[in-house]
Amino acid sequence: MAKDTKELLKKVRKIEIKTRGLSNHLFSGEYHSAFKGRGMAFSEVREYQMGDEIRTIDWNVTARFNHPYVKVFDEERELTVMLLMDVSGSENFGTQNQQKQDLATELCAVLAFSAIQNNDKVGVIFFSDKIEKFIPPKKGRTHILMIIRELIDFKPESKGTNVAEAFKYFTRVIKKKCTAFVISDFISPAFDDELKIANKKHDIIALRLYDKHEEEFPDLGLIPMKDEETGQLLWVNTADAAVRNAFKAEALKRNDRLRETFRRSGVDFTSVGTHESYVKPLMTLFKKREGKR
């Protein structure tokens with residue numbers, strides 16, 4: 001086995017152990033409550049009891065036995081979960097203990113393991129400013145490990161970000177209603193219309209990844225900064241308080257715009273920083289969804 005493949009499998013195993021454990025102990029109950037199947041499947045009929053909904057009466061059976069019977073339904077558990085994963089250049093940014101790309105990989109793995117424990121299918125769309133790769137939804141551990149391997153080893157062709165393109169493609173290829181997690185820093189041209197269209201048909205959850213130094217510069221004097229998406233090198237004077245404040249104001253404005261976009265479209269949304277554990281933001285998001293159901 002080539003050294004590279006060996007290293008990759010070691011990484012996959014490490015991520016599997018960590019994220020599978022998390023989804024077993026922490027997320028499986030929460031995930032089930034937050035994303036349980038929306039549909040109902042007919043199960044059986046039984047005699048009417050006080051308090052039963054009149055709407056559930058099966059009139060054919062009732063007429064046959066001359067006694068009221070009601071239909072009993074089971075929740076349709078099986079869901080399709082899509083992970084829309086931003087693999088653009090800005091995802092390589094990270095000054096804390098993990099880069100955004102590493103964080104995204106773990107988040108995807110945790111969500112994927114939580115999904116297969118609930119007998120759900122999982123598929124992935126990798127996007128930059130174009131669609132990089134589509135992995136159709138399937139079940140099972142082997143499929144999840146293949147997804148993790150792709151997440152770790154994926155080399156995008158493009159460095160830009162265009163979330164609108166991802167939503168357009170997603171709406172086109174996934175016909176049946178599904179739950180979709182979009183994992184990105186959302187530093188992208190506007191995507192409001194595409195998001196609205198996608199969220200009408202599907203259930204979308206947005207996970208914004210960020211690094212706090214994208215929002216607040218430390219005083220480091222004159223530093224070179226390379227734009228990961230354009231490759232351009234700029235010298236920035238971080239010793240200048242005005243520069244730092246302008247940078248922070250711009251970041252806050254960007255975040256407010258983003259929050260407003262998700263709020264208007266009715267999309268659940270949370271932010272996860274590279275400096276923190278993603279467990280708490282995910283749990284809070286799941287619990288918030290349970291409360292809405």
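Helices (H or I, at least four residues) and strands (E, at least two) are DSSP runs, numbered from the N terminus. With that in hand, you can find leucine 222 in strand β8 (residues 222–226). This is a predicted model, in which local features need pLDDT of at least 70, side-chain atom pairs count only at pLDDT 80 or more, and totals for chains, interfaces and linings use all residues. Residues are numbered from 1 along each chain as its sequence is written, and side-chain values use heavy atoms, with hydrogens and water left out.

**Confidence**

- The chain has a mean pLDDT of 84, where pLDDT is the predictor's confidence in each residue, from 0 to 100.
- A value of 70 or more is reached by 89% of the residues.
- Among the elements of the chain, α5 has the highest mean pLDDT (97), while strand β1 (residues 40–47) has the lowest (73).

**Helix α5 and its neighbours**

- Helix α5 covers residues 163–173, and its buried residues are Val163, Ala164, Ala166, Phe167, Tyr169, Phe170 and Thr171. Buried means under 20% relative accessible area, exposed means over 50%, and partly exposed is in between (1.4 Å probe, protein chains only).
- These buried residues pack against β3 (80–86), β4 (121–127), β5 (131–138), β6 (179–184), α6 (192–201) and β7 (203–210).
- At the start of α5, asparagine 162 has a side-chain oxygen within 3.1 Å of the backbone nitrogen of alanine 164.

- Leu222, Leu233 and Trp235 make a nonpolar surface patch of about 380 Å². Accessible areas come from the Shrake-Rupley method with a 1.4 Å probe, and for residues only the protein chains shown count as cover.
- Patches are made of residues with over 30% relative accessible area and no salt bridge; like charges are joined within 9 Å, and nonpolar side chains (Val, Leu, Ile, Met, Phe, Trp, Tyr) within 5 Å.
- Leucine 222 counts as exposed because its relative accessibility is 56%.

**Glutamate 106**

- Glutamate 106 sits in helix α3 (residues 100–117), and its relative accessible area of 14% makes this residue buried.
- Leaving aside residues up to four places away in sequence, glutamate 106 touches Lys18, Thr19 and Tyr278; contact means heavy atoms within 4.5 Å.
- The side chains of glutamate 106 and lysine 18 are joined by a polar contact of 3.1 Å. A polar contact is a pair of N or O atoms within 3.5 Å; within protein, one must be able to donate a hydrogen and the other to accept it, and residues adjacent in sequence count only if both atoms are side-chain atoms.

**Salt bridges**

- A salt bridge is a side-chain nitrogen of Lys or Arg within 4 Å of a carboxyl oxygen of Asp or Glu, and by this rule the count comes to 17.
- Glutamate 150 and lysine 133 form a salt bridge (3.5 Å, N to O). Glutamate 150 belongs to helix α4 (residues 141–153) and lysine 133 to strand β5, so this pair ties together parts that are 17 residues apart in sequence.
- Aspartate 203 meets arginine 289 in a salt bridge (2.6 Å, N to O). Aspartate 203 is in strand β7 and arginine 289 in helix α8 (residues 279–292), so the pair ties together parts 86 residues apart in sequence. Both aspartate 203 and arginine 289 are buried.
- Aspartate 256 forms a salt bridge with arginine 259, with the closest N and O atoms 3.3 Å apart. These two are separated by about one helical turn because they are 3 residues apart in helix α7 (residues 241–265).
- Salt bridges that share partners join Arg13, Glu16, Arg20 and Arg141 into one network.
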